[in-house]
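I opened my notebook to go through this one with you.

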Amino acid sequence: MATKRGSHGVLIGFVLSCSLVAMGQEFAGGTGAPGDPYQIATAEQLLGIGSDADRLDKHFVLTADIDLSDYLFDRAPIAPHTGPSWWYFQGTPFSGVFAGNGHVIRNLRVEGEQYLGLFGDLAGSAVVSDLGLENASIQGQDAIGALAGTNGGAVSNCYSTGEVTGNESVGGLIGGNRGWHPQFDVYGRGRLRDCFSSAKVCGLSYPTGGLVGGNSGIVWNCHSTGEVVGSVRSTGGLVGSNWKGIVAYCYSTSAVEGDDYVGGLVGSNSE
């Protein structure tokens, strides 16, 4: 469900799976194929990606900056979590390619429960690159990040600013960057490269990180600068909890506040 402001400032509710189909059928160009990605130039076209699960394995490219200040979401606009359980993602993950092309998505606002961000979940084959999320405001419970609630794909040259608040697995860019699962290869091993976040991150439980909440994937050549405030345990300037993951060539200048297992770079680390 999303809420949109009308021309006179009146809030109008509509269901993504219905109204956005009509709004998002016409992209700015392309066929969604690898060599001819769908071109995204407006907020309506961006939200049209999430209106049809059959589009979530296609190729997309931004051709303009997009402002979402007219919208308030209660779930991720693309690849939302649709089930009652927070233990694992329920829904259709994004498994395609999203090229930001150096553009920015501004004023994304999501207030909901689990797996929140621009994307609810990025599958193992997903590729997201060259994208900025500015002045994002994400508030939820579990698996909360400005870009994605959870990631099993490849994310590069992306950044976030704004504020991210949640309960468990809360990060400025990614809530949970997961490791490879031998039985479910679609989940992949999350890879973050050349990314950063200056978002303020607040976590009520654990783990909480300036860039990534919980990591069992790979975080490479990334940094964070936003304030990080955590509770309970595993609060880190860059990564809240690193479990059998890789964190290399990274740094953080974030001010970090928490209870147990607090670190300027990583809150807790285990192999």
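My entries below go from the pocket to the sheet and then to the salt bridges.

**Ground rules.** I am working on a predicted model, where local features need pLDDT of at least 70 and side-chain atom pairs count only at pLDDT 80 or more, while totals for chains, interfaces and linings use all residues. I number residues from 1 along each chain as its sequence is written, and side-chain values use heavy atoms, with hydrogens and water left out.

I looked up the largest pocket and found a volume of about 780 Å³. For the term, I used a 1 Å grid over the protein atoms alone: a pocket is an open set of points where a 1.4 Å probe fits, with protein on both sides within 12 Å along at least five of seven lines, and lining residues have an atom within 4 Å of a point. Of the 24 lining residues, Trp87, Thr150, Ser169, Gly176 and Arg178 are the closest to the centre of this pocket. By class, I noted 10 nonpolar, 10 polar and 4 charged residues in the lining. Strands 12 (142-144), 15 (168-171), 16 (174-177), 21 (212-215) and 26 (239-243) each supply at least two of the lining residues; strands here are DSSP runs of E, at least two residues, numbered from the N terminus.

I then traced an open sheet of 6 strands, in the order 9-12-15-20-25-30 with parallel pairing. Two strands pair if DSSP finds at least two bridges between them. Strand 9 (114-116) and strand 30 (260-263) are the edges, each pairing on one side only. Strand 25 (residues 233-236) is joined to strand 30 by 3 bridges, and Gly236 stands opposite Gly263 in strand 30.

**Salt bridges.** How many salt bridges did I count? The count is 6, taking a side-chain nitrogen of Lys or Arg within 4 Å of a carboxyl oxygen of Asp or Glu.

- Asp121 and Arg178 meet at 2.7 Å, N to O. This pair links strand 10 (residues 119-122) to the loop between strand 16 and strand 17 (191-193), 57 residues apart. Both Asp121 and Arg178 are buried (under 20% relative accessible area; exposed is over 50%, partly exposed in between, with a 1.4 Å probe and protein chains only).
- Arg106 and Glu134 meet at 3.2 Å, N to O. This pair links strand 7 (residues 97-106) to strand 11 (residues 127-139), 28 residues apart. Arg106 is partly exposed at 32%, and Glu134 is partly exposed at 23%. Asp65 joins Arg106 and Glu134 in a network of salt bridges.
- Asp57 and Lys58 meet at 3.8 Å, N to O. Asp57 is partly exposed at 42%, and Lys58 is partly exposed at 29%.

Notes. Grid points are joined across faces, edges and corners, and a volume is the space filled by probe spheres set on the points. Helices (H or I, at least four residues) and strands (E, at least two) are DSSP runs, numbered from the N terminus. Ala, Val, Leu, Ile, Met, Phe, Trp, Tyr, Cys and Pro count as nonpolar, Asp, Glu, Lys and Arg as charged, and the others, Gly among them, as polar.
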